[in-house]
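User: I have this one open and I'm new to it. Please take me through it.

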Amino acid sequence: MTEKKKEKKRTLKRQEILDGALKAFCEHGVKSTTIDDICDKVNCSHGLFYHYYKNKDELLQDLKNHYKKIQDDEIDDILLAKVSPSVKLKEILLRLYAYLKENEMFAYHFYFFLTEMYRLNESGEIPSKKPNENGFANKIYELINDGIKTGEFRNDFSPCELLSSLFSNIIGIVVTYLLIPKNVKEYYKLPNVSLITSSILNHGGINEEKFNV
């Protein structure tokens, strides 16, 4: 076997372990998940697991790094667009929902991301104040804050409260999607993003830009 094929095989196996660990973390929680749980998901031996990772913490960090770039790349172009905060938020949600339909592992990833965000913030508030944590949450927080300043989003709740409400809705959608049988998923219609964002919009005379969903 050539070195190129060996490297490809290692990359695929590492991805397989990451995907298996992701499912295990979603099912059992990070603290409760054991190496046995991960190996069962991947159908691999402990020896193979430790060939790629020293421990669970190293795998967890690799998992976060692996998917962080996906989040950043996909929303940065939307955030830079010259449109209103509500249009940006809806476009981000549409992008996320499209990925749910296209890739089941993305659903597991996003569920993991959201639950980890809450787990890491002992105060229960988001976004995290810890450096380099939850960049996605902080970006949505700033987007909501901009919407409040321009009068587009309601100001009777704090940005953190609006963000928490929004993410709670998204968690429910993601969990529902993960629980739907595979033979039903193709017929399942994801919620209208206008309905999801309506709870944070200021309807007191604000003319929202036209947005087709």
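**Helices and their packing**

User: Which residue follows α7, and what is its phi like?
Analyst: Gly 151 comes after α7, and its phi is positive, near 85°. Keep in mind that this is a predicted model, in which local features need pLDDT of at least 70 and side-chain atom pairs count only at 80 or more, while totals for chains, interfaces and linings use all residues. Residues are numbered from 1 along each chain as its sequence is written, and side-chain values use heavy atoms, without hydrogens and water.

User: How many helices and strands does the protein have?
Analyst: There are 10 helices and zero strands. Both are DSSP runs numbered from the N terminus (helices H or I, at least four residues; strands E, at least two).

User: How much of the protein is buried?
Analyst: Of its 213 residues, 43% are buried. Buried is under 20% relative accessible area, exposed is over 50% and partly exposed lies in between (1.4 Å probe, protein chains only).

User: Back to α7. Why does its length agree with what a helix should span?
Analyst: α7 covers residues 135-149, and its 15 residues should span 21 Å at 1.5 Å a residue; the end C-alpha atoms are 21 Å apart, so the two agree. The expected span is 1.5 Å times one less than the number of residues.

User: What about α8?
Analyst: α8 has 21 residues and reaches 30 Å from first C-alpha to last, close to the 30 Å expected. Its buried residues include Leu 162, Leu 166, Ile 170 and Tyr 177.

User: How do α7 and α8 pack?
Analyst: Their axes come within 9 Å and cross at roughly 120°. Axes are lines fitted to C-alpha atoms, for helices over the stretch in contact, and angles run from 0 to 180 degrees between N-to-C directions. The two helices are therefore oblique to each other. Under 35 degrees is roughly parallel, over 145 roughly antiparallel, 65 to 115 roughly perpendicular, and the rest oblique.

User: Which residues make that contact?
Analyst: From α7, Phe 136, Ala 137, Ile 140, Tyr 141, Ile 144, Asn 145 and Ile 148; from α8, Pro 159, Cys 160, Leu 162, Leu 163, Leu 166 and Phe 167. Contact means heavy atoms within 4.5 Å. By class there are 12 nonpolar, one polar and no charged residues. Ala, Val, Leu, Ile, Met, Phe, Trp, Tyr, Cys and Pro count as nonpolar, Asp, Glu, Lys and Arg as charged, and the others, Gly among them, as polar.

User: New topic. At what angle do α1 and α2 pack?
Analyst: About 125°, with the axes of α1 and α2 (residues 35-42) 8 Å apart, so α1 and α2 are oblique too. Among the residues that meet are Glu 16, Ile 17 and Phe 25 in α1 and Asp 37, Ile 38 and Val 42 in α2. The contact of α1 with α2 divides into six nonpolar, two polar and five charged residues.

User: Is Gln 15 buried or partly exposed?
Analyst: Gln 15 is partly exposed, with a relative accessible area of 24%. Gln 15 sits in α1, residues 3-28. Its C-alpha is 9.4 Å from that of Leu 63, 48 residues apart along the chain.

User: And Thr 197, buried or exposed?
Analyst: Thr 197 is buried, with a relative accessible area of 2%. Thr 197 is in α10, residues 193-197. Leaving aside neighbours within four places in sequence, Thr 197 contacts Leu 89, Lys 90 and Leu 93.
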